[in-house]
Amino acid sequence: FCQISEKIFEASSYLTELVSDHEHRRGIVCQKIHHLEHESDELVRKIFSRLEESLITPLEPDEINRLAKALDDVIDIIDWVARQICNYQLNGTYPHLNTFAEFISISASEIRDSVGLLGSWDQISEIKNSCQNINHIYNRSSDLLSTAVTELFSMQDPIQVIKLKDIYENLEEVLQECNDVGHVLNEIIIRHT
């Protein structure tokens, strides 16, 4: 779980780079994110393989299953939105993209930190704080999406409006998936305390 969380954090860092105006590096950055997603898939496969072999696990099997799936969903959607950004060949900079990327980076950092504390049941308050921070960021992302989409309709280029709206909605979905990880972590610590 820690390795997957680290890959999510790395992918979020690359996503931040991707939304900055570095058109000449976009293809390389997209490939790096895609590679991290494949590495994460392999780690998830190993988790499920070990789960089938183990009679005794540190968490309940359903908790392991839900957390692995939730983490995998985060990196999958980061990979998807990165490919959209590359494929849509956006020109210029868009401040809302940077804000979404910043929110995702913060959420990924909270996920990495809280997953690293799992099993340290004396650190439950830190895990709870991370989950609350993830939820707070997700709530802010809903407002950001609304503002970003509203501003789109002042643009003159309808194709650009469609591209950006699609990307904004998927960036907000990344934050929704991060929030789902927070919910899973919260449920795990409630069960174990």
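Trainee: Which residues have the most contacts inside the largest nonpolar core?

Mentor: This is a predicted model. Its largest nonpolar core has 64 residues. Helices α1, α2, α3, α4 (95–117), α5 (124–152) and α6 (158–191) each give two or more residues to this core. Those with the most contacts inside it are Leu15, Ile78, Leu97 and Tyr168.

Trainee: What is Leu15 in contact with, leaving aside its neighbours within four places in sequence?

Mentor: Contact here means heavy atoms within 4.5 Å. By that test, the partners of Leu15 are Ile33, Ile78, Val81, Ala82, Ile85, Ala101, Ile104 and Leu171.

Trainee: How far apart are the end C-alpha atoms of helix α2?

Mentor: Helix α2 covers residues 26–53, which is 28 residues. At 1.5 Å a residue, α2 should span 40 Å. The computed distance agrees with that: 41 Å.

Trainee: Which residues of α2 are buried, and what covers them?

Mentor: Buried means under 20% relative accessible area. In α2 that holds for Arg26, Val29, Cys30, Ile33, Leu36, Glu37, Ser40, Leu43, Val44, Ile47 and Leu51. Residues three or four places apart in an α-helix point the same way, because the helix has 3.6 residues a turn. The cover over the buried residues of α2 includes α1 (2–19) and α3 (61–88).

Trainee: Which cysteines form a disulfide?

Mentor: A disulfide is a covalent bond between the sulfur atoms of two cysteines. A search of the whole structure finds one. The sulfur atoms of the pair are 1.8 Å apart, and the two residues are Cys30 and Cys86.

Trainee: Where in the chain do Cys30 and Cys86 sit, and are they buried or exposed?

Mentor: The disulfide of Cys30 and Cys86 links distant parts of the chain, 56 residues apart. Cys30 is in helix α2 and Cys86 is in helix α3. Both Cys30 and Cys86 are buried.

Trainee: Is the disulfide of Cys30 and Cys86 right-handed or left-handed?

Mentor: Look at the torsion about the S-S bond of Cys30 and Cys86. The angle is about 95°. The disulfide is therefore right-handed.

Trainee: How many salt bridges does the structure hold, and what is the N to O distance between Glu6 and Arg112?

Mentor: The structure holds 11 salt bridges. One of them joins the side chains of Glu6 and Arg112. Glu6 is in helix α1 and Arg112 is in helix α4, 106 residues apart. Their N to O distance is 3.8 Å.

Trainee: How exposed are Glu6 and Arg112?

Mentor: Glu6 has a relative accessible area of 32%. Arg112 has 24%. Glu6 is partly exposed, and Arg112 also counts as partly exposed.

Trainee: Which residue forms a salt bridge with Arg25?

Mentor: Arg25 is partly exposed at 25% relative accessibility. The closest N and O atoms are 2.7 Å apart. The partner is Glu17.

Trainee: Asp79 and Arg83 meet in a salt bridge; which of them counts as buried?

Mentor: The N to O distance is 3.0 Å. Asp79 and Arg83 are four residues apart in helix α3, so about one helical turn separates them. Arg83 counts as partly exposed at 34% relative accessibility. At 2%, the buried residue is Asp79.

Trainee: What does Lys7 touch, not counting residues up to four places away in sequence?

Mentor: Lys7 is in helix α1. Lys7 is buried, with a relative accessible area of 17%. The residues Lys7 touches are Leu36, Glu39, Ser40, Leu43 and Ile75.

Terms used: Residues numbered from 1 in each chain as written. Predicted model: local features only at pLDDT ≥ 70, side-chain atom pairs only at ≥ 80, totals over all residues. Heavy atoms only, no water. Expected span 1.5 Å × (residues − 1). Buried < 20%, exposed > 50% of the residue type's maximum accessible area, 1.4 Å probe, protein only. Disulfide = S-S within 2.5 Å. Core = buried A, V, L, I, M, F, W, Y, C linked by side-chain atoms within 4.5 Å. Salt bridge = Lys/Arg side-chain N within 4 Å of Asp/Glu carboxyl O.
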